[in-house]
Amino acid sequence: MKLCKKVFSSVIGMCMMVSILPWNMPDNMPQANAAASFNGEGTAESPYLISTKEDLVKLSNLINSDNTAADYYNKYYKQTSDIDLENENFVPIGTYTGNNKGAGFSGVYDGNYCEISNLYIKREKNGEDKTQNYTGVFGWVYEGKIRNLSVNGNIDSSNSTNVGGVVGELGMNGEISNCSFNGDITGKSRVGGITGSIWQEGKIECCYFNGTLNSDTTEAVVGGIVGSATAGYDTSVKNIDISNCYAAGVINADEKAHTGGIAGSLKANNDESKVNFANNYYLSSMTI
């Protein structure tokens with residue numbers, strides 16, 4: 001099996017030094033779980049192994065279906081090789097359907113410092129179809145963690161909100177760490193290089209974006225790492241932490257849009273909740 005390349009920007013390399021551990025294929029490969037059709041058991045000790053394009057597409061289909069989504073709640077996944085999606089239209093893992101099943105991705109996806117290349121997502125929103133509003137490799141992530149993953153490709157979701165390179169919307173104590181996206185992203189609003197939005201409580205750390213962010217609406221919120229960050233929920237005190245991230249490239253947006261090198265919009269739902277920034281950097285071209 002092809003080993004992952006571990007190619008990440010030197011900007012986030014120092015973050016990884018304390019977390020990268022060599023990973024070798026075990027001598028006794030876990031047998032495929034009959035229900036999941038993946039190698040592994042979906043636990044921290046024996047995660048489901050995502051090795052091929054077919055595995056990634058299968059994961060999307062299973063989590064997005066109301067018939068099977070509950071079986072994959074709060075599971076563990078590990079990518080074991082670089083995956084080329086060959087520019088075929090990919091459906092985000094975790095599309096919002098407005099109910100508890102088939103609503104989004106939870107659990108832990110460890111990219112294992114592998115790459116997803118030639119990602120292509122083309123989405124056309126029709127009417128009030130909310131499933132088109134959450135676009136990235138992962139659409140809507142709740143109580144989930146995405147880590148150690150490099151992505152390159154092109155996302156075109158010009159009529160949708162919550163559009164990001166790795167995650168569309170990150171919510172409910174979600175985390176993204178040691179992830180990068182290289183490529184072009186187009187969305188209507190809440191557009192970010194790593195995630196379109198983060199809300200309530202969560203963390204983004206040691207992430208990198210390089211590419212172009214596009215939105216042509218006056219109400220757009222666009223940021224190099226995250227489009228919109230909103231801490232807290234009603235009166236609950238919840239904080240968001242964004243640290244050690246770097247954004248490069250260009251934002252193409254209406255002059256009335258809210259744009260920022262790291263975040264397009266920061267706010268809190270109550271006086272005590274905060275969005276904390278530390279050691280984030282961006283090129284001047286990330287603002288207009």
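**Close-up views of a predicted model**

**View 1. The whole protein and its surface.** The accessible surface of the protein comes to about 12600 Å², and 44% of this belongs to carbon and sulfur atoms (areas from the Shrake-Rupley method with a 1.4 Å probe; for residues, only the protein chains shown count as cover). This is a predicted model, so to speak of local features we need pLDDT of at least 70, and side-chain atom pairs count only at pLDDT 80 or more, while totals for chains, interfaces and linings use all residues. Residues are numbered from 1 along each chain as its sequence is written, and side-chain values use heavy atoms, with hydrogens and water left out. Of the 288 residues, 55% count as buried (under 20% relative accessible area, 1.4 Å probe, protein chains only).

View 2. Two helices and 18 strands make up the secondary structure (DSSP runs numbered from the N terminus: helices are H or I, at least four residues; strands are E, at least two). Helix 2 (residues 53-64) has 12 residues and should span 16 Å at 1.5 Å a residue, which agrees with the 17 Å between its end C-alpha atoms (the expected span is 1.5 Å times one less than the number of residues). Its buried residues include Leu56, Leu59 and Ile63. The buried residues of helix 2 pack against strand 1 (48-50), strand 2 (75-79), strand 3 (83-84) and strand 4 (105-122).

**View 3. Phe138 in the core.** Tyr109 and Phe138 have the most contacts inside the largest nonpolar core, a set of 56 residues (buried Ala, Val, Leu, Ile, Met, Phe, Trp, Tyr and Cys joined through side-chain atoms within 4.5 Å). Strand 5 (residues 138-164) gives the most to this core, with seven residues. Leaving aside neighbours within four places in sequence, Phe138 is in contact with residues including Pro92, Phe105, Tyr109 and Leu149 (contact: heavy atoms within 4.5 Å).

Technical notes:
Buried < 20%, exposed > 50% of the residue type's maximum accessible area, 1.4 Å probe, protein only.
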